[in-house]
Amino acid sequence: MHLVSLLLAGSSISLSLPVALAQGSGGGHVKGVAPENQHLYAPSSDGTWSCRGAPSVRIPHSAINDDYCDCPSGSDEPGTSACSHLPSAPPFYCANAGHISGSLLPSRVGDGICDYAVCCDGSDEAPGVCPDRCEEMGRAWREEREREREVRRRGGKVRSGYVKFARGERRRLEGEVGRLGREVEKNRIRERELKAELDRLESVSAVALEAKKSTPLYAHLISTRHALSSLRAQTAALEADIAALRGTLADLRASFNPNYQDMGVLAAVREFEAWEKSKSEGEEGEKEGEKKEKKKEEGQTVDKKELDELEKADLVSLLLSLDSTPGVKTDPTEADDLSSILFQLESYLPPSLLAPYHAARETLVHWLVRLGIVPSSANVPKTDSPEITKSRKSHASASDDLRRSERELERVQNELDELVGGAKWGVEGEWKKLKGECVEKEEGDYIYELCFFEKATQKPLKNGAHTSLGRFKSWHPTAELGTPESFSKQVYDRGSKCWNGPERNVKVSIVCGESNALLAVAELERCEYSFEAQSPALCVPEVDPSAEAASKEEGKGKDEL
């Protein structure tokens, strides 16, 4: 044992702390060493001991805990701070009888400070410096642990209800996926059938239209339209010439001098004035009915608007409309037309033969078109028959139903995958029940609201606008998804922007509790908030080690059987 002497202010003070700390190092028990490691400090037969990490260095066993660092690893001073400057120095073990054991950094051994949080027995200091408080602290710790177990037990009961709800949701979603899958398949079949019917009608209509457009009636309609357009152009040119001539005569009348002008000019002006006077008197004397009657007699029965409508009329639509007029035929040879024969036969066939007839007919028409025997149906008319219009509307409606059911199936399937996956709603889906559930906490002049998986809001106690603190983004950003740690924190971001600052955001820490509640609110930095909350969803039942071992043994026995 070494004595350390210090000369302070001319006085010699003998420090006996190392002696006190080294007590117990000469016997079977080495201070500062855990019971499971005591065998590592057993002396050899010659009373020496090999340094841990450097077995070639051997020291007397009595040199352990002598407050002098003999080993390169510092392993010879587990009960003092003599080797605390070495990174490999072993920690100081506190037995803490009546409480849980602890380990202390060697630098904090013998520093005169009672580290009760780690060493409640005061063994890290000299006897009498730090009284043993392990019995008192152990009892308080056990009471706190019992209280936590009770909270976990009660919260676990609520959590089991959440799990039951999630199982019900899973069954419901699985049923929805099955139902929607059948609905999608049904809508897909219906859409295909209506598409085939629409294609058939369009093919029939195209062939029939080409036949009608080859008739003399359609050729006459086209000739009449061209003649009308030509006449309108000529009439417009004549009207422009008359207007120019009237303007010239009016200017001549305004500028000529009857005393000095040529007699021919004077006669022309006089005749122009007489013509204008008679025209004006005639228009004033005629009644509206007389004007219309006169126009009819002169053949002028339409105005400019009516002429525009006649010129822009859809001739194809007019041609097709004759099909719905009783007793009207657009083609005198229609009864002998190949397309008429092909597409009217089905009226005389029994229902059982319609399907094979349609297939054979489509094949025949296809080859007739390719060989040039009948006109091509590539150009579908802009104006459709009533049958095609109805068929197209039915197909569009069926397509909408198919897309809508597919989107709904995708949404429900994603919701089911999220529930089963466990990354968002928990391993057993225990968090699913909390979606949209809100908790509040009054703090200062505000009420802070947290709606799980949706949003965080700041609401003033008095009248005022609510401020968004963020919307749900994710669970613990750094923890592995699906682990218990990952469900202890939530992140809400993209809240309202602060004045000349960032967007508000919230980090929520969650602990096990008997009910859902917001416990504390703090603004750690500008626009960055910290919430502390509790929820039964985090009250995972504790596993009894003995019960778990028994379960494993039982399972093992069953496996062996």
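In this predicted model, the count of disulfides comes to eight. A disulfide is a covalent bond between the sulfur atoms of two cysteines.

| Disulfide | S to S distance | Torsion about the S-S bond |
|---|---|---|
| Cys69 and Cys83 | 2.1 Å | 125° |
| Cys120 and Cys134 | 2.0 Å | 100° |
| Cys512 and Cys539 | 1.9 Å | about 100° |

The link of Cys69 and Cys83 is right-handed, and both of its cysteines lie in the loop between β4 (54-60) and β5 (92-94), 14 residues apart. Cys69 is partly exposed at 23% relative accessibility, whereas Cys83, at 1%, counts as buried.

The link of Cys120 and Cys134 is likewise right-handed. Because Cys120 lies in the loop between β6 (102-104) and α2 while Cys134 belongs to helix α2, this pair ties together parts that are 14 residues apart in sequence. Cys120 is buried at 1% relative accessibility, and Cys134 is buried with a relative accessible area of 0%.

For Cys512 and Cys539, the torsion of about 100° makes the disulfide right-handed. Cys512 lies in strand β12 (residues 505-512) and Cys539 in the loop between β14 (528-535) and α11 (545-560), so parts 27 residues apart in sequence are tied together. Both Cys512 and Cys539 are buried.

Strands β12 and β14 also belong to an open sheet, in which eight strands follow the order β7-β8-β9-β10-β11-β12-β14-β13 with mixed pairing. Which strands stand at the edges of this sheet? They are β7 (438-443) and β13 (517-525), and since each has a single partner strand, one side of each is left without a neighbour in the sheet. From one strand to the next, the twist averages 25°.

Within the sheet, strand β9 (residues 455-460) and strand β10 (residues 467-475) pair in the antiparallel sense over four bridges. Gln458, found in strand β9, stands opposite Thr467 in β10. Gln458 counts as buried, its relative accessibility being 8%, and its side chain makes a polar contact with the side chain of Tyr448 at 3.0 Å. Leaving aside neighbours within four places in sequence, the residues in contact with Gln458 include Tyr446, Ile447, Ala465, Leu469 and Tyr529.

Side chains of opposite charge can pair when their charged atoms come close, and a search of the whole structure finds 29 salt bridges. One of them joins Lys459 to Glu440, with the closest N and O atoms 2.9 Å apart. As Lys459 lies in strand β9 and Glu440 in strand β7, the pair ties together parts that are 19 residues apart in sequence. Lys459 is buried with a relative accessible area of 16%, whereas Glu440, at 43%, is partly exposed.

Helix α2 (residues 134-213) holds Arg147 and Glu144, three residues apart and thus separated by about one helical turn, and their side chains meet in a salt bridge at 3.0 Å, N to O. Arg147 is partly exposed at 46% relative accessibility, and Glu144 is partly exposed at 33%. Arg154 and Glu150, four residues apart in helix α2, are also separated by about one helical turn, and they form a salt bridge whose closest N and O atoms are 2.9 Å apart. Glu150 and Arg154 are linked with Arg153 and Glu514 in a network of salt bridges.

Conventions. Residues are numbered from 1 along each chain as its sequence is written. This is a predicted model: local features need pLDDT of at least 70, side-chain atom pairs count only at pLDDT 80 or more; totals for chains, interfaces and linings use all residues. Side-chain values use heavy atoms; hydrogens and water are left out. Two strands pair if DSSP finds at least two bridges between them. Helices (H or I, at least four residues) and strands (E, at least two) are DSSP runs, numbered from the N terminus. Axes are lines fitted to C-alpha atoms, for helices over the stretch in contact, and angles run from 0 to 180 degrees between N-to-C directions. A salt bridge is a side-chain nitrogen of Lys or Arg within 4 Å of a carboxyl oxygen of Asp or Glu. Buried means under 20% relative accessible area, exposed over 50%, partly exposed in between (1.4 Å probe, protein chains only). A polar contact is a pair of N or O atoms within 3.5 Å; within protein, one must be able to donate a hydrogen and the other to accept it, and residues adjacent in sequence count only if both atoms are side-chain atoms. Contact means heavy atoms within 4.5 Å. A disulfide is a pair of cysteine sulfur atoms within 2.5 Å.
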